[in-house]
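Here are a few notes to read with the model open beside you. Take the points one by one and find each place on screen as you go.

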Amino acid sequence: MNKPSADTPSLLKHGEVETLFHEFGHVLHNALTKSKYSAFSGTSVSGDFVEVPSQMLERWAWDPQVLKKISKHYKTGEPLPDDLITRMIAAKNFGAGGAYLRQNFFAQYDMTLHTADKTPDSTKLYFDLTKKVRGLPLTKHTIPQASFGHIMGGYDAGYYGYLWSEVIAEDFFSEFKKHGIFNPETGLKFRREVLEKGGTVEEEDMVRNFLGRPAENGPFLQSIGLTKEN
């Protein structure tokens, strides 16, 4: 987070606010669990579901009502002006194509490494797959995979879960949008059917119990600007 200085408080960038919402989603998952056993409590769910509550909560950091509530100028106390909020949201998907290609690459690189019959040349694979998936040149004589910390920190053979979870998260958020993002009944249902359950219920069943149906990718495609909203 952006640190305070001698004469200003910690003035967070919007990306840092989004991260704060994301991590607080994990906090809620852990804090509200009612699982009897710690092995199935809170975020102790399948690796490709654990990011769902956190990624869903990020959506609130992009809602005009929320941005008005949580923002203010540190001197005047005025909230973010409407025109700035409008422009922020309009620019949300700028560069999204490149960002999702990057996620696609990381997921493929991770899975290829962990499903190979024999140990591959990890550097050559990184360079070749980057060119194939992203179409970008990399700096020669570097070892870029050394900075891919996720596959050393528990997301090995599971990095695809970020995108997988985001699709479910957007579908969950569509339920909140349908009934109002501050609707207490929807929030309580999400708490009871997802957050409280931890890993005691199959993830697909939690999705069905909250949405009343299996997950769909329509809300995700809408969120990144590939389809128009109804």
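**Notes on the model**

1. Helix H7 has 19 residues, and at 1.5 Å a residue it should span 27 Å; its end C-alpha atoms are 27 Å apart, which agrees. Please keep in mind that this is a predicted model. H7 covers residues 161-179, and Gly 180 comes after it, with a positive phi near 105°.

2. Now look at the partner of H7. The axis of H7 and the axis of helix H8, residues 184-195, come within 10 Å and cross at roughly 155°. How do H7 and H8 run relative to each other, roughly parallel or roughly antiparallel? An angle over 145 degrees counts as roughly antiparallel, and H7 and H8 are therefore roughly antiparallel to each other.

3. Which residues make this contact? On the H7 side they are Phe 172, Glu 175, Phe 176 and His 179, while H8 brings Thr 186, Gly 187, Phe 190 and Val 194. Sorted by class, the contact of H7 with H8 has 4 nonpolar, 3 polar and 1 charged residues. An α-helix has 3.6 residues a turn, so residues three or four places apart point the same way.

4. Step back to the whole protein for a moment. It has 10 helices and 0 strands, so the pattern read along the sequence is α-α-α-α-α-α-α-α-α-α. The C-alpha trace spans about 55 × 45 × 40 Å along its principal axes. Of the 230 residues, 35% are buried. Among contacts with a separation of 6 or more, 64% are between residues 24 or more positions apart.

5. Next, please find Ser 54, which sits in helix H2, residues 52-58. Is Ser 54 buried or exposed? Its relative accessibility is 0%, and because buried means under 20%, Ser 54 counts as buried. The Ser 54 side chain reaches the backbone oxygen of Glu 51 at 2.9 Å. If you set aside neighbours within four places in sequence, Ser 54 is in contact with Phe 21, His 22, Gly 25 and His 26.

6. The loop between helix H6 and H7 deserves a look too. His 141 is found in this loop, and has a positive phi of about 60° although it is not a glycine. With a relative accessibility of 83%, His 141 counts as exposed.

7. Ala 157 is another residue of the loop between H6 and H7. The phi of Ala 157 is near 60°, a positive value in a residue other than glycine. Ala 157 has a relative accessible area of 33% and is partly exposed.

8. One last stop is Ala 91, in the loop between helix H4 (82-90) and helix H5 (96-115). Ala 91 is partly exposed, as its relative accessible area is 43%. How far apart are Ala 91 and Lys 13 in sequence and in space? They are separated by 78 residues in sequence, and their C-alpha atoms are 15 Å apart in space.

Definitions and conventions. Residues numbered from 1 in each chain as written. Predicted model: local features only at pLDDT ≥ 70, side-chain atom pairs only at ≥ 80, totals over all residues. Heavy atoms only, no water. Axes fitted to C-alpha atoms, helices over the stretch in contact; angles between N-to-C directions. Helix = DSSP H or I, 4+ residues; strand = E, 2+ residues; numbered from the N terminus. Parallel < 35°, antiparallel > 145°, perpendicular 65-115°, else oblique. Contact = heavy atoms within 4.5 Å. Nonpolar A, V, L, I, M, F, W, Y, C, P; charged D, E, K, R; others polar. Expected span 1.5 Å × (residues − 1). Buried < 20%, exposed > 50% of the residue type's maximum accessible area, 1.4 Å probe, protein only. Polar contact = N/O pair within 3.5 Å; in protein donor to acceptor, adjacent residues only side chain to side chain.
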